[in-house]
Amino acid sequence: MGEHVNIAKPAALLVAATALLAGSTVAATATTAAAPDGTRVTALQRTADQVLAGHSKPLKVSADQVRYDGLTLTAAPKGKAAAKDLDCAYGHLCMIVKGTKFDFYKCQTWTVNNWTGNGPFTNNQTPGTVAKFFNQDGSVRWTSTAYQAGTATWDPIWSLRPC
């Protein structure tokens with residue numbers, strides 16, 4: 001389960017990019033595809049590899065969760081009520097982007113790709129902590145001061161810093 005799965009092959013990236021561009025969501029019971037080495041790769045892992053291109057590979061991968069050092073990705077809860085009550089632990093910055101819940105808990109700059117659309121967010125960090133969301137040129141697009149929750153427009157966010 002904690003084994004690194006490398007799907008940086010063009011065909012695998014094409015599948016992930018096509019799914020993201022089509023606006024598809026990721027379900028916890030998503031189907032898997034075979035990587036070139038025969039390892040099974042979940043749709044959530046393909047999403048993580050596409051959206052977090054350039055970051056170190058995950059520490060743990062399962063069918064419904066991908067963990068990095070400072071970030072956990074899971075399939076987002078379904079329905080309007082789930083989106084309104086985005087569960088986010090104290091000290092964390094959470095958001096839903098294209099059907100995937102991002103739960104950031106490490107202070108660093110995260111480069112992201114293909115973040116578009118709208119989605120809920122919760123900044124449940126220490127009161128007064130400012131999360132910054134950046135444009136492609138590195139300028140600040142918007143900020144969130146903890147505690148804050150609402151709906152954000154991700155069109156497009158190129159990087160973020162939770163703290």
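Analyst: One cut-off before we start: buried means under 20% relative accessible area, exposed means over 50%, and partly exposed is in between.

User: Good. So is W154 buried or exposed?
Analyst: W154 is buried, because its relative accessible area is 0%, under the 20% cut-off. Keep in mind that this is a predicted model.

User: Which ring does W154 pair with?
Analyst: F133. The two form a tilted aromatic pair, 6.0 Å centre to centre, with 45 degrees between the planes.

User: Let's do confidence. What's the average pLDDT?
Analyst: The protein averages 73, and 64% of the residues score at least 70.

User: Where is confidence lowest, and where is it highest?
Analyst: Lowest in helix 1 (residues 10-21), at a mean of 30. Highest in strand 10, at 97.

User: Switching to cysteines. How many disulfides?
Analyst: A search of the whole structure finds two. Counting bonded cysteines along the chain, the pattern is 1-2, 3-4.

User: What are the details on C88 and C94?
Analyst: Their sulfur atoms are 2.2 Å apart. The torsion about the S-S bond is about 80 degrees, so this disulfide is right-handed. C88 and C94 are both buried.

User: And what about C107 and C163?
Analyst: They form a disulfide with sulfur atoms 1.6 Å apart. That link is right-handed too, with 90 degrees about the S-S bond.

User: Which parts does that pair tie together?
Analyst: C107 is in the loop between strand 7 and strand 8, and C163 is in the segment after strand 13 (157-161). So the pair ties together parts that are 56 residues apart in sequence.

User: What else is in the loop between strand 7 and strand 8?
Analyst: T109, for one. The loop runs between strand 7 (100-104) and strand 8 (110-115). T109 counts as partly exposed, at 41% relative accessibility.

User: Which side chain does T109 have a polar contact with?
Analyst: R161, at 3.2 Å, side chain to side chain. As for K132, 23 residues from T109 along the chain, their C-alpha atoms are separated by 9.2 Å.

User: Next threonine, T129. Where is it?
Analyst: In the loop between strand 9 (118-124) and strand 10 (130-134). Its side chain reaches the backbone oxygen of T126 at 2.8 Å.

User: Which residues does T129 touch?
Analyst: Leaving out residues up to four places away in sequence, T129 touches N123, S144, T145, A146, P162 and C163. C163 is the cysteine bonded to C107.

User: Last topic, hairpins. How do strand 3 and strand 4 pair?
Analyst: Antiparallel, over three bridges, with strand 3 at residues 60-62 and strand 4 at residues 65-68. They form a hairpin with two residues between them. S62 has Q65 as its bridge partner in strand 4.

User: And how many bridges join strand 4 to strand 5?
Analyst: Four, and the two strands run antiparallel. Q65 has a partner here as well, T74 in strand 5.

User: What's in the turn of that hairpin?
Analyst: Two residues lie between the strands, and G70 in the turn has a positive phi of about 110 degrees.

User: Finish with T72. Buried or exposed?
Analyst: T72 is buried, with a relative accessible area of 10%. It belongs to strand 5 (residues 71-75). Among the residues T72 touches beyond four places in sequence are Q65, F102 and Y105. F102 is also part of the ring cluster.

Technical notes
Residues are numbered from 1 along each chain as its sequence is written. Side-chain values use heavy atoms; hydrogens and water are left out. Buried means under 20% relative accessible area, exposed over 50%, partly exposed in between (1.4 Å probe, protein chains only). A polar contact is a pair of N or O atoms within 3.5 Å; within protein, one must be able to donate a hydrogen and the other to accept it, and residues adjacent in sequence count only if both atoms are side-chain atoms. Contact means heavy atoms within 4.5 Å. pLDDT is the predictor's confidence in each residue, from 0 to 100. A disulfide is a pair of cysteine sulfur atoms within 2.5 Å. Rings of Phe, Tyr and Trp (its six-membered ring) pair if their centres lie within 6.5 Å; planes under 30 degrees apart count as stacked, over 60 as edge-to-face and the rest as tilted. Two strands pair if DSSP finds at least two bridges between them.
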